[in-house]
Amino acid sequence: MSFTRRPGSVHPRQTSRREDGHIVRNACVQSTASLATLQAQVAPSLGAPVSSRTIRRRLAEGHLGLRRPLRVLPLTPTHRRLRLDWCHARGNWTADEWNQVAFSDESRFNLRSDDNRVRVWRPHGEHLNYAFALQRHTAPTVGVMV
């Protein structure tokens, strides 16, 4: 175990580089795991509990951040074909024709305390990577659309 001091800290480093890699690998394999889950997985291999702050720091050093995932609709091949047909049919529309279309912009306000949002550990700048995408359902939930 390496007991070097972090820059600007009076406390020695509690995890080795190998253990740091283990923490980052666990977060990459289970991108939706919470800090508590990662702590529980890492503690037996270290032989001592590690704080959630240490876990978060090691993931930041590994260039991983906790972000909201890309949400995608589960599209069937039929959905894809119909969307493509719709786009091809309107591919040569003029600006005046598009000005006749009204797009709705809705915002969701949750009425419950838990918004059930899932976060994923992913490298910065990989928002559109489908490895970190979650399919969303279209079933109604309690809320107000404005």
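A residue is called buried when its relative accessible area is under 20%, exposed when that area is over 50%, and partly exposed in between. In this predicted model, arginine 58 has a relative accessible area of 2%, so arginine 58 is buried. Its salt-bridge partner is glutamate 61, with the closest N and O atoms 3.8 Å apart. Glutamate 61 has a relative accessible area of 37%, so this residue is partly exposed. Both residues belong to helix H3, which covers residues 52-61. They sit 3 residues apart, about one turn of the helix.

Side chains of opposite charge can pair when their charged atoms come close. The count for this model comes to 4 salt bridges. One of them joins arginine 17 to aspartate 20, and here the closest N and O atoms are 3.7 Å apart. This pair lies in helix H1, residues 17-29. Again the spacing is 3 residues, about one turn of the helix. Arginine 17 counts as exposed because its relative accessibility is 59%. Aspartate 20 has a relative accessible area of 7%, so aspartate 20 is buried.

Arg17, Asp20, Arg58 and Glu61 are linked in a network of salt bridges.

Arginine 81 pairs with aspartate 85, and their closest N and O atoms are 3.6 Å apart. Arginine 81 is partly exposed, because its relative accessible area is 45%. Aspartate 85 has a value of 39%, so it too is partly exposed.

The nonpolar core comes next. The largest core has 13 residues. Among these, Ile23, Ala27, Leu38, Ile55, Leu59, Leu64 and Trp121 touch the most other members. The elements that give two or more residues to this core are H1, helix H2 (35-46) and H3. H2 gives the most, with 4 residues. Leucine 38 shows the contacts in detail. Beyond the residues up to four places away in sequence, leucine 38 touches Asn26, Ala27, Ala33, Ile55, Leu59 and Trp121.

Alanine 33 is found in the loop between H1 and H2. Its relative accessibility is 9%, so alanine 33 counts as buried. Apart from neighbours within four places in sequence, alanine 33 is in contact with Leu38 and Trp121. Alanine 33 and arginine 119 are 86 residues apart in sequence, yet their C-alpha atoms are 8.2 Å apart in space.

A further pair spans the segment before H1, where glutamine 14 is found. Glutamine 14 and threonine 54 are 40 residues apart in sequence and 8.5 Å apart in space, C-alpha to C-alpha. Glutamine 14 counts as partly exposed, because its relative accessibility is 48%.

A pair of aromatic rings is described by the distance of the centres and the angle of the planes. The search of the whole structure finds 2 aromatic pairs. One of them is formed by tryptophan 93 and tryptophan 98, whose ring centres are 4.8 Å apart; their planes meet at 55°, so the pair is tilted. Tryptophan 93 has a relative accessibility of 30%, so it counts as partly exposed. Tryptophan 98 also counts as partly exposed, because its value is 29%. Trp86, Trp93 and Trp98 form one aromatic cluster.

Together with Val101 and Phe103, Trp93 forms a nonpolar patch on the surface. The accessible area of the three together is about 290 Å². Valine 101 is found in the loop between helix H5 (95-98) and strand S3 (108-110). Its relative accessibility is 30%, so valine 101 counts as partly exposed.

Notes
Residues numbered from 1 in each chain as written. Predicted model: local features only at pLDDT ≥ 70, side-chain atom pairs only at ≥ 80, totals over all residues. Heavy atoms only, no water. Patch = residues over 30% accessible without salt bridge, like charges linked within 9 Å, V, L, I, M, F, W, Y side chains within 5 Å. Areas by Shrake-Rupley, 256 points an atom, 1.4 Å probe, with all protein chains shown as cover. Salt bridge = Lys/Arg side-chain N within 4 Å of Asp/Glu carboxyl O. Buried < 20%, exposed > 50% of the residue type's maximum accessible area, 1.4 Å probe, protein only. Phe/Tyr/Trp six-rings, centres within 6.5 Å; stacked < 30°, edge-to-face > 60°. Core = buried A, V, L, I, M, F, W, Y, C linked by side-chain atoms within 4.5 Å. Contact = heavy atoms within 4.5 Å.
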